[in-house]
Amino acid sequence: MRQFPAFFNMDDASVVVFGGGEEARRKVRLLAATPARITVIVSEIEPGFAEEFAGRITIAPPEHAGPALDVARFAIVANRLDSNAEKAITMARQYGVPLNVVDHPDLCDFTVPSIIDRGDVVAAIGTNGTAPVLAKSIREKLEVLLPKRIGDLAALAARLRPDVKAAIPDSKARRRFWESALTGPTADLAYAGNLDGAEAAMRGRLVHSARAEGIVHIVGAGPGDPELLTLKALRLIQEADIVYYDRLVSAEILTLIRRDADRVPVGKSKGDHSVPQETIHEWLIASAREGKRVVRLKGGDPFIFGRGGEELEAVRSAGVVAMVVPGISSALGCAANAGLPLTHRDHAQSLTFVTGHAKNGGVPDLDWSALARPAQTVVVFMGVGTSGAIAENLIQAGRAPSTPVAIIENGTRDNEIRVFGTLSELPHLIQRAGIKGPALLVIGEVAALPEEAIARAFKDHVA
């Protein structure tokens with residue numbers, strides 16, 4: 001670490017900016033967001049500069065730079081490197097003022113980082129002045145991860161800090177309180193814009209001197225690629241005290257769970273329900289009642305054949321706060337990754353999701369006649385083991401044996417398998433490819449489109 005990051009306190013601070021062009025204007029825009037007094041040293045200034053910062057800056061000629069530097073916390077030279085800039089650098093050195101020279105890291109005492117400003121929460125990304133564009137790119141990625149109202153939460157914590165210290169004298173207990181308050185239900189209320197509710201919840205805890213109430217988040221993890229997680233899902237699994245996860249959650253996503261969190265596998269596979277659903281409900285409720293931040297992590301979307309509805313009902317019925325975070329359904333994510341549109345104006349004007357596995361096992365009792373209608377796509381979840389019966393029932397109901405099908409196992413992951421064929425071949429395609437599941441069965445004219453696109457591309461390449 002060649003540069004040590006630090007934050008200047010800008011209350012009652014004076015800063016000096018040399019230059020009247022666009023670079024100087026950009027730096028002044030950053031500084032104007034602080035309470036600092038800003039002096040701009042310039043002999044000529046671009047049109048509109050003074051008007052943009054009217055009332056926020058003092059403009060002074062170069063001969064008045066000395067008195068400004070004498071009280072400055074730092075200075076920025078933001079004009080091109082010429083004789084005027086060299087004089088400014090020399091003068092700043094004489095006054096012992098920390099100096100930044102725009103686009104010349106070798107002349108800088110400090111560099112201006114790329115900044116994320118959320119009020120009392122400020123993050124800064126630096127690259128030793130070597131790659132400002134890279135710092136900006138990193139900032140943009142981090143910016144979307146931080147809740148927009150995180151600064152409001154920090155301001156609330158600042159207001160309540162004296163009361164919390166008085167109510168909880170022990171420093172370790174106070175730390176636990178803040179860890180819970182700033183990442184649990186109170187934080188969720190603040191992020192939702194309910195600051196009054198967040199403050200009431202925090203003060204309520206202090207008044208009753210009770211253990212923080214836990215919360216259960218039922219979170220969709222998407223089809224497997226960690227980059228397909230929602231931003232909220234990523235935040236919650238990194239804040240959780242305990243994560244109950246399904247077998248369908250990829251190893252790459254599990255590595256994103258914070259290291260000191262408990263991880264409990266509760267996944268089921270065909271014929272193996274080692275953890276009954278009722279037991280999962282009991283564990284979720286018990287962990288929340290211990291004051292923990294609980295995440296129930298499920299592959300795909302928890303409300304699409306994920307039993308998330310049952311879990312939500314059970315947890316809320318027990319009086320525990322529960323929230324749901326949607327995930328990209330495996331049907332959507334896997335199909336998109338395979339270049340397979342589930343709807344298409346020429347081929348499919350409707351889309352139906354069905355399960356291939358009945359509640360008590362075996363083939364589900366579906367409306368096969370409705371599923372056999374043309375111009376629609378049928379996506380079957382959990383249908384590998386019943387694929388033969390599915391194909392037979394659809395064909396008997398009137399779906400053409402030549403209807404295209406696609407089978408996608410481990411979609412969006414490194415070990416993804418895609419198989420294309422026809423409805424009459426469905427069980428043989430699965431057997432020949434060695435597909436064990438979980439896998440999606442896509443039935444309909446759109447299932448032929450990826451293969452047709454590959455064929456066209458190959459033909460054009462050969463031509």
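Biologist: In helix 16, which residues are buried?

Modeller: Ser 387, Ile 390, Ala 391 and Leu 394 are buried in helix 16, which spans residues 387–396. Bear in mind that this is a predicted model.

Biologist: What do the buried residues of helix 16 pack against?

Modeller: Their partners are helix 15 (368–371), strand 14 (376–381), helix 17 (426–433) and strand 17 (439–443). Just after helix 16 comes Gly 398, with a positive phi of about 120 degrees.

Biologist: Which residues are buried in helix 1?

Modeller: Helix 1 covers residues 22–32, and its buried residues are Ala 24, Arg 25, Lys 27, Val 28 and Leu 31. They fall within an arc of 165 degrees seen down the axis, and therefore line one face of helix 1. Among the elements covering them are strand 1 (14–18), strand 2 (37–41) and helix 2 (49–52). Strand 3 (57–60) and strand 4 (74–77) also belong to that cover.

Biologist: Which residues other than glycine have a positive phi?

Modeller: Two cases can be given here. Phe 305 is not a glycine, yet its phi is positive at about 55 degrees. Arg 307 likewise is a residue other than glycine, with a positive phi near 60 degrees.

Biologist: Where is Phe 305 found?

Modeller: Phe 305 is in the loop between strand 11 (293–298) and helix 13 (308–317). Arg 307 is also found in the loop between strand 11 and helix 13.

Biologist: Why is Phe 305 classed as partly exposed?

Modeller: The class runs from the buried limit, under 20% relative accessible area, to the exposed limit, over 50%. Phe 305 has a relative accessible area of 37%, so it counts as partly exposed. Arg 307 is partly exposed too, because its value is 35%.

Biologist: What does Arg 413 touch?

Modeller: Leaving out residues up to four places away in sequence, Arg 413 touches Pro 223, Gly 224, Leu 248 and Ser 250. Arg 413 itself is in the loop between strand 15 (404–409) and strand 16 (417–422). With a relative accessible area of 23%, Arg 413 is partly exposed. Its C-alpha atom is separated by 20 Å from that of Ala 447, which is 34 residues away along the chain.

Biologist: Which residues form the nonpolar patch on the surface?

Modeller: To join such a patch, a residue needs over 30% relative accessible area. Here the members are Leu 134, Ile 138, Leu 142, Val 144, Leu 145 and Leu 231, with about 460 Å² of accessible area together. Helix 5 (residues 132–143) supplies the largest share, 3 residues. Leu 134 lies in helix 5, and its relative accessible area of 47% makes it partly exposed.

Biologist: How does the radius of gyration of the protein relate to that of a compact globule?

Modeller: A compact globule of 463 residues would have a radius near 23 Å, whereas the protein has 30 Å. Along the principal axes, the C-alpha atoms fill a box of roughly 95 × 75 × 35 Å.

Biologist: How many helices and strands does the protein have?

Modeller: There are 18 helices and 17 strands. Buried residues are 43% of the 463. The accessible surface is about 24400 Å², and carbon and sulfur atoms own 53% of that area.

Terms used
Residues are numbered from 1 along each chain as its sequence is written. This is a predicted model: local features need pLDDT of at least 70, side-chain atom pairs count only at pLDDT 80 or more; totals for chains, interfaces and linings use all residues. Side-chain values use heavy atoms; hydrogens and water are left out. Patches are made of residues with over 30% relative accessible area and no salt bridge: like charges are joined within 9 Å, nonpolar side chains (Val, Leu, Ile, Met, Phe, Trp, Tyr) within 5 Å. Accessible areas come from the Shrake-Rupley method with a 1.4 Å probe; for residues, only the protein chains shown count as cover. A salt bridge is a side-chain nitrogen of Lys or Arg within 4 Å of a carboxyl oxygen of Asp or Glu. Helices (H or I, at least four residues) and strands (E, at least two) are DSSP runs, numbered from the N terminus. Buried means under 20% relative accessible area, exposed over 50%, partly exposed in between (1.4 Å probe, protein chains only). The arc is that of the directions from the helix axis to the C-beta atoms. Contact means heavy atoms within 4.5 Å. The radius of gyration is taken over C-alpha atoms; the globule rule is 2.2 Å times the number of residues to the power 0.38.
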